[in-house]
Amino acid sequence: MTQIRGTSKLAGVIGWPLDHSLSPAMHNAVYQELGLDWVYVPFAVRDETGLRRLVAAIRSLPFVGFNITMPYKEEILDLCDEVATAASMAGAVNTVHCTADGKLIGYNTDGRGLLESLSTDAQFDPTGKSVVLLGAGGAAAGAFVALILAKCAGITVVNRSLERAEELLDRMAPRSAGIELDAMIPGDARQAVGDADLIINATPIGMKADPESPVPVEWLREGHVVLDMVYGTRTPTNLVVGARAAGATALDGLGMLVAQGATAVDIWNAEAQVRTPRDVMRVAAERQLAARDQMEDNG
Ligand code: NAP
């Protein structure tokens, strides 16, 4: 159990809704492991006015930092005093560091989490590789920036709204010298998927137990690496199941979630020069998921 004392510092996550967030369990477990006198709290905020008020209050409270999740990853940019380059390129902040001199510095650790999960969980390095990115929202933008920084060879954005895919491409093109870029709708993506080394699902398809997959699983093959950002489903998503059946390496989004959370702690706790133990956060997340499943079973 986390001990809350008069000296405890605060961290937390801001979003709406937060009922299913795994972050409080992951963070509080790792603070205890590291001996940090910190406590991580969910702040479910209904609207932008609430967000602004909360962030103003945070400035006068003993916060080490906080995470931001849907739907405020874009709105928070304007409320930060400084924003790191990758977050500014992605147009989304998911981690804010409250510095000792009273500043709020915004970061995007989703992209770093993605690269870390690919490296740790699939021993995959996107450098020089061809990538199909399914989706064109905030998570896709974070992934896009990470792939640029990793110097991949090509990125094809596949999205049901072609306009949104092209907008993302246009926004990233000035920073993507030497990377082949394309945008298309899912129906046209067979060749691109077949030719890709890495396929990333950055849409919510698969979150609900339905027969959908963001691309037909028949297009997948041995040699593909598939990362589905969806996590926390009772059974693996159809994309992950189909990819494994086709002989591909497939990861769900839990490794990425753990890595982005651990990277946030690395930032807030940088002075200690200790790498945040990912395994502790992963075990806490898995326990929380198992407890949730059990509660649902018990009605
Ligand atoms: P977002 O900004 O709302 O973007 C959603 C994207 O998915 C859009 O491109 C949208 O297409 C597409 N989409 C949504 N529903 C669809 C459907 N039924 N059929 C086809 N396309 C659909 O959301 P986001 O923040 O990018 O998050 C996307 C997913 O990534 C969520 O499931 C989120 O939980 C997950 N995620 C996971 C992690 C992790 O650590 N594992 C981190 C961040 C996000 P249109 O443009 O056509 O609307």
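This is a predicted model: local features need pLDDT of at least 70, side-chain atom pairs count only at pLDDT 80 or more; totals for chains, interfaces and linings use all residues.
1. Six strands make up an open sheet with mixed pairing, and their order is β2-β1-β3-β5-β6-β4. The edges belong to β2 (38–44) and β4 (82–83); each has a single partner strand, so one side of each has no neighbour in the sheet.

2. Strand β3 (residues 63–68) runs antiparallel to strand β5 (residues 95–98), and three bridges join them.

3. On to the salt bridges: the count comes to twelve. One of them joins Arg-59 to Asp-81, with 3.1 Å between the closest N and O atoms. Arg-59 sits in the loop between α2 (48–58) and β3, while Asp-81 is in the loop between β3 and β4, so this pair ties together parts 22 residues apart in sequence. Both ends are partly exposed: Arg-59 has 41% relative accessibility, and Asp-81 has 39%.

4. Glu-82 and Lys-103 meet through their side chains at 3.4 Å, N to O. Glu-82 is in strand β4 and Lys-103 in the loop between β5 and β6 (104–107), which puts the partners 21 residues apart. Lys-103 is partly exposed, at a relative accessible area of 33%, and Glu-82 is partly exposed as well, at 37%.

5. Which parts of the chain does the Arg-275 to Glu-116 pair tie together? The two side chains form a salt bridge at 3.5 Å, N to O. Arg-275 comes from the loop between α9 (254–268) and α10 (278–297), and Glu-116 from helix α4 (residues 110–122), so the link is between parts 159 residues apart in sequence. Arg-275 is exposed, with a relative accessible area of 57%, whereas Glu-116 counts as buried at 17% relative accessibility. These two also belong to a salt-bridge network with Asp-266 and Arg-278.

6. Glu-163, Glu-166, Glu-167 and Asp-170 form a patch of negative charge on the surface. Of these, Glu-167 is in helix α6 (residues 162–172) and counts as partly exposed, at 46% relative accessibility.

7. A last stop is Ala-173, in the loop between α6 and β9 (180–184). Ala-173 is partly exposed, with 38% relative accessible area. From Ala-173 back to Arg-59 is 114 residues in sequence and 36 Å in space, C-alpha to C-alpha.

Definitions and conventions: Residues are numbered from 1 along each chain as its sequence is written. Side-chain values use heavy atoms; hydrogens and water are left out. Patches are made of residues with over 30% relative accessible area and no salt bridge: like charges are joined within 9 Å, nonpolar side chains (Val, Leu, Ile, Met, Phe, Trp, Tyr) within 5 Å. Accessible areas come from the Shrake-Rupley method with a 1.4 Å probe; for residues, only the protein chains shown count as cover. A salt bridge is a side-chain nitrogen of Lys or Arg within 4 Å of a carboxyl oxygen of Asp or Glu. Lys and Arg count as positive and Asp and Glu as negative; His and the chain ends are not counted. The place of a charge is taken as NZ of Lys, CZ of Arg, CG of Asp or CD of Glu. Helices (H or I, at least four residues) and strands (E, at least two) are DSSP runs, numbered from the N terminus. Buried means under 20% relative accessible area, exposed over 50%, partly exposed in between (1.4 Å probe, protein chains only). Two strands pair if DSSP finds at least two bridges between them.
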